[in-house]
Protein chains: 2
Amino acid sequence: MIVAARSRLQGHARRTPLLSSPFLDEMAGRRVFAKAECLQHTGSFKFRGGWSALSGLAPEVRTRGVIAFSSGNHAQGVALAATRHGVPSVIIMPSDAPKLKIENTRAFGAEVVLYDRGTEDRDAIGARLSEERGLTLIRPFDEPLVIAGQATTGLEIAEQAEEEGITTADVLVPCGGGGLSSGIALALEATAPGFTVRPCEPEGFDDTTRSLAAGKIVRNATMTGSICDAIVTPEPGRITFPILQRLAGSGIAVTEEEVLRAMALAFKRLKIVVEPGGAVALAAALFHGAAIEGDAVIAVTSGGNVDTDLFAAALRRFG
Amino acid sequence: MIVAARSRLQGHARRTPLLSSPFLDEMAGRRVFAKAECLQHTGSFKFRGGWSALSGLAPEVRTRGVIAFSSGNHAQGVALAATRHGVPSVIIMPSDAPKLKIENTRAFGAEVVLYDRGTEDRDAIGARLSEERGLTLIRPFDEPLVIAGQATTGLEIAEQAEEEGITTADVLVPCGGGGLSSGIALALEATAPGFTVRPCEPEGFDDTTRSLAAGKIVRNATMTGSICDAIVTPEPGRITFPILQRLAGSGIAVTEEEVLRAMALAFKRLKIVVEPGGAVALAAALFHGAAIEGDAVIAVTSGGNVDTDLFAAALRRFG
């Protein structure tokens with residue numbers, strides 16, 4: 001499925017670069033590489049999964065359109081993938097989602113349906129629209145076609161690491177529902193057996209790290225209060241978690257200050273824009289070296305959709 | 001020479017991505033692509049020229065080391081290229097150069113020799129050191145090996161544009177001494193005859209634009225007062241200018257406000273960090289559409305070594 005997804009993504013998704021800087025190597029005490037998925041279309045890896053899902057549908061199904069629930073990167077990835085397939089997309093977003101993300105999702109061609117988190121049932125809205133229009137639901141992570149799309153990141157990492165002469169490394173991946181982590185883990189299992197995926201999360205929202213340690217799915221105590229909004233989910237996915245249990249190493253949780261420092265260092269040393277949720281793996285690579293083995297580490301910087309004010313604040317504090 | 005340089009750069013310089021955003025396309029009224037050389041090693045295209053020059057020297061010459069005059073990106077490019085060749089480099093920098101650039105040049109492995117712009121003669125210092133130690137001078141642009149290195153950017157543009165289905169386009173290039181512009185023009189002459197290089201400069205420092213219009217080399221009235229310090233030179237080069245006369249279209253001059261807007265848009269829409277001098281071509285693509293022909297334009301974003309404060313200020317004003 002991953003190889004098939006890659007073939008469908010060919011010429012549509014970007015092969016993002018693997019970046020590095022001698023300054024970061026010195027800081028971390030090992031070679032540090034960043035897989036810059038913030039440079040992917042729509043500013044995050046989510047375009048891969050969106051494209052994989054859209055292109056994997058039967059044409060007569062796809063043509064009726066797709067629907068997704070998302071307040072962020074998945075919304076934009078599905079919207080652009082649908083528009084480029086010439087089919088309609090409906091994205092159901094909370095009315096208090098960041099204005100910019102609503103605007104972007106519309107600009108990528110989606111019909112945005114807003115709902116009130118307090119009084120309306122988004123699943124009921126989604127079910128009604130799906131039935132009326134024959135739309136196909138694209139889940140953000142518990143969906144094999146989506147996981148296969150995110151997994152193409154892993155195929156590229158394996159090739160690019162080989163070009164750099166790296167045969168063993170921890171591959172640190174920002175983890176929300178686990179679509180990207182589990183996809184990369186599957187891709188590396190087949191192509192680069194010396195590599196181990198390690199899910200990375202913000203402290204206090206480390207459901208996957210704790211679930212892996214507990215050997216069963218445990219939930220986050222809260223869903224609010226993290227700057228890493230893009231990767232905060234209630235708990236690991238039903239499809240993604242068993243994959244991570246089988247293939248991933250232990251998770252790593254980082255602080256908000258480490259995230260902001262990593263964003264400032266990515267600005268200064270790699271010249272890329274990384275959002276908080278996209279910077280947790282780089283933060284782990286730079287500031288949790290004791291938890292990492294080997295003389296090279298690969299961190300996925302998974303998205304760059306950050307508000308200007310927050311980014312400027314990170315630069316002011318740590319730039 | 002360009003093909004040979006490319007072969008020497010293989011596996012050492014990065015093949016930087018060609019980025020785009022539907023938002024920028026809509027703003028410009030045509031497809032806009034950014035060749036992201038800010039993601040090159042040392043944060044600018046100058047590493048290509050530095051590597052080309054170092055790797056092109058005879059081993060017995062190279063082993064004695066190299067010397068360069070620079071307060072910025074050329075310094076860093078030569079320093080890292082020398083260090084990775086295992087040979088010494090001496091970079092002569094004005095003592096009032098930005099502290100960060102001095103520190104970076106040292107960190108990339110160079111011996112930095114500071115001189116006082118008011119009282120000391122840098123050429124005399126350079127000549128003395130070269131003679132004492134047998135160092136080879138690496139000029140920033142009027143040097144065929146350096147031009148051939150920068151030209152590899154053009155080979156990549158030709159390939160990447162073909163993948164995007166573009167056969168004719170203006171290729172906008174930030175222009176100081178003209179090493180990058182003339183190199184890309186030579187590369188495209190051979191590989192993509194439908195493409196025209198257009199040098200881009202800040203208003204008031206548009207010596208190349210005016211020289212092309214006048215049919216002879218004319219100088220800038222002043223060397224100070226531009227935020228685009230990386231591309232301010234007294235006049236076009238003696239080797240580069242005749243190449244541009246033969247191959248380039250007319251130049252485009254942009255305002256400082258347009259440069260800062262382009263930096264903010266590159267942050268928001270492309271997720272890359274671009275320095276002022278590196279943003280002039282993108283500014284021309286976005287804000288000088290009337291001067292551009294065709295339905296696609298390629299802008300080289302040539303460097304990303306920008307001070308945190310200046311970048312944050314650009315975001316505050318235009319983000």
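## The contact between the chains

Buried area is the accessible area, taken with a 1.4 Å probe, that two parts lose on being put together, summed over both. In this predicted model, the area buried between chain B and chain A is about 2,500 Å², and carbon and sulfur atoms give 69% of that area. Phe267(B), Lys271(B) and Thr308(B) supply 25% of the area that chain B buries against chain A, more than any other three residues. The contact, meaning heavy atoms within 4.5 Å, takes 32 residues from chain B and 32 residues from chain A.

Between chain B and chain A there are 0 salt bridges, a salt bridge being a side-chain nitrogen of Lys or Arg within 4 Å of a carboxyl oxygen of Asp or Glu.

## How the model is read

Local features need pLDDT of at least 70 and side-chain atom pairs count only at pLDDT 80 or more, whereas totals for chains, interfaces and linings use all residues. Residues are numbered from 1 along each chain as its sequence is written, chains are lettered from A in the order in which they are written, and side-chain values use heavy atoms, with hydrogens and water left out.

## Salt bridges within the chains

Over all chains the count comes to 36 salt bridges. In one of them, Glu37(A) pairs with Arg48(A), the closest N and O atoms being 2.5 Å apart. Glu37(A) counts as buried at 0% relative accessibility, and Arg48(A) is also buried, with a relative accessible area of 1%; buried means under 20% relative accessible area, exposed over 50%, and partly exposed in between (1.4 Å probe, protein chains only). Also in chain A, Arg6(A), Arg15(A), Glu159(A) and Glu163(A) are linked in a network of salt bridges.

In chain B, Asp123(B) forms a salt bridge with Arg122(B), with the closest N and O atoms 3.9 Å apart. Asp123(B) is partly exposed at 48% relative accessibility, and Arg122(B) is partly exposed with a relative accessible area of 34%.

## Around Asp207(B)

Asp207(B) is buried yet has no salt bridge, and the nearest side chain of opposite charge, Arg210(B), is 6.0 Å away; here Lys and Arg count as positive and Asp and Glu as negative, while His and the chain ends are not counted. Not counting residues up to four places away in sequence, Asp207(B) touches several residues, including Arg219(B) and Glu235(B). Arg219(B) and Glu235(B) themselves form a salt bridge, the closest N and O atoms being 3.1 Å apart, and Glu235(B) counts as buried at 15% relative accessibility.
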